[in-house]
Amino acid sequence: MSEILITGASGFIGSHLLRQFNCAESKPILLTSKPIAGFRCIDRGCSDLRSQIAQVLGDAPIETFFHLGAYTPKDRSGANCVTSCNGNISETERILEALPIAPHKVVFASTLDVYRFDGRKVSEETTPDPPTLYGASKLYCERMLSYWCAERQVDLQILRIGHVYGAGEESYRKLIPLAIASCLDEVSPQLYTDGSECRAFIHVSDVCRMILEAAESGCESAREVCINLVSSKSISVREVIETVIRLTGAKVAIEQLGHERGQSTEFDNRRMLEFFGAERVCFQEGLAEEINSLRAIRSD
């Protein structure tokens with residue numbers, strides 16, 4: 001029986017992905033620094049990672065290697081942290097060197113931060129030009145995996161993931177969790193622009209579905225495929241905050257701190273639709289779920 005390896009299982013997206021395996025007869029092997037009950041775990045930081053992986057694998061081949069683990073900035077100030085961003089590169093190299101056998105397929109969770117947004121519509125044909133070290137580190141990992149997989153004739157799916165939201169993102173200082181936290185505290189959410197700039201939010205469960213489907217999908221003409229995972233529907237920042245206020249029932253109003261027009265991000269996601277179809281969770285339903293999740297955490 002072949003095996004599945006996953007990094008990043010304790011992260012925001014990874015923890016949601018694991019729920020898909022909870023009822024599975026054969027569970028994946030996790031390369032993680034935080035042991036997770038019910039799964040076979042290998043300490044990613046152990047000194048002899050190759051031997052540990054080989055011991056757990058035995059004679060089993062690796063069907064899919066899901067590489068989700070990486071440093072992800074909690075806010076804008078962390079996007080250029082040299083040590084952490086360099087760690088994305090060195091850790092990817094270390095794990096690849098530790099694999100005793102090449103997998104049949106690699107699915108890599110990258111980011112839309114590899115692009116520089118200048119007002120033009122972004123697609124997979126847009127030339128990457130990361131404005132931050134974080135984006136640059138993920139792009140370098142893409143290239144590293146591309147060469148590594150090509151040398152070993154391994155299929156590679158690069159998923160450049162967009163604005164993901166959902167229960168569990170409260171540790172990030174991003175628009176949605178900050179707005180929810182403010183409303184639950186009955187504090188006015190702050191808006192630093194005129195709020196007209198648009199974002200395309202995709203729910204974490206849709207992202208996890210697409211990650212799993214990436215292991216099964218491919219392109220007959222190429223071993224390597226790059227796909228942007230981004231919603232087909234855009235919503236303005238102001239409307240996001242107003243929706244949070246309405247769904248929480250908070251008796252607050254937006255605190256307007258700026259009036260300059262922000263920059264929207266626009267995407268061509270036809271490739272995502274071709275491979276995985278449209279997202280299935282509507283924004284308001286996903287937002288209500290995230291609000292209820294944070295309420296439950298606060299009441300414990």
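Reader: What makes the residues of strand E2 (residues 29-32) count as buried, and which way does each point?
Author: Buried means under 20% relative accessible area, exposed over 50%, and partly exposed in between (1.4 Å probe, protein chains only). Ile 29, Leu 30, Leu 31 and Thr 32 are all buried. Ile 29 and Leu 31 point one way from E2, whereas Leu 30 and Thr 32 point the other way. In a regular strand the side chains alternate between the two faces of the sheet. The strand itself is a DSSP run (E, at least two residues), as helices are runs of H or I of at least four, and both are numbered from the N terminus.

Reader: On what basis do these values rest?
Author: This is a predicted model, in which local features need pLDDT of at least 70 and side-chain atom pairs count only at pLDDT 80 or more, while totals for chains, interfaces and linings use all residues. Residues are numbered from 1 along each chain as its sequence is written, and side-chain values use heavy atoms, with hydrogens and water left out.

Reader: How do you know that E2 pairs with strand E1 (residues 3-7) and with strand E3 (residues 40-43)?
Author: Two strands pair if DSSP finds at least two bridges between them. E1 and E2 have 3 bridges, in the parallel sense, and Ile 6 stands opposite Leu 30. E2 and E3 are joined by 4 bridges and also run parallel; there the partner of Ile 29 is Arg 40. Both counts meet the rule.

Reader: Why is strand E11 (residues 224-229) described as largely enclosed, and which strand is joined to E11?
Author: Of the 6 residues of E11, 5 are buried, so the strand is largely enclosed by the rest of the structure. Strand E6 (residues 155-161) is joined to E11 by 6 bridges, and the two run parallel. Leu 156 stands opposite Glu 224 in E11.

Reader: What makes helix H6 (residues 204-214) largely enclosed?
Author: In H6, 8 of the 11 residues are buried, so the helix is largely enclosed by the rest of the structure. Among them are Val 204, Asp 206, Arg 209 and Met 210. Cys 208, at a relative accessible area of 0%, is buried too.

Reader: Why is Glu 142 called buried, and what does its side chain meet?
Author: Its relative accessible area is 3%, so Glu 142 counts as buried. Glu 142 is found in helix H4 (residues 133-152). Its side chain makes a polar contact of 2.7 Å with the side chain of Arg 160. A polar contact is a pair of N or O atoms within 3.5 Å; within protein, one must be able to donate a hydrogen and the other to accept it, and residues adjacent in sequence count only if both atoms are side-chain atoms.

Reader: What makes Ser 51 partly exposed?
Author: Its relative accessibility is 36%, so Ser 51 counts as partly exposed. Ser 51 is found in helix H2 (residues 49-57), and a polar contact of 2.7 Å joins its side chain to that of Asp 48.

Reader: Why is His 259 called exposed, and where is it found?
Author: His 259 has 65% relative accessibility, so it counts as exposed. It is found in the loop between strand E13 (255-256) and helix H8 (270-276). Leaving aside neighbours within four places in sequence, His 259 is in contact with Thr 193 and Asp 194.

Reader: How do you know that Lys 74 and Lys 174 lie over the face of Tyr 172?
Author: A charge sits over a ring if NZ of Lys or CZ of Arg is within 6 Å of the ring centre and within 35 degrees of the ring normal. Lys 74 lies at 4.9 Å from the ring centre, and Lys 174 at 4.8 Å.

How values were computed:
Contact = heavy atoms within 4.5 Å.
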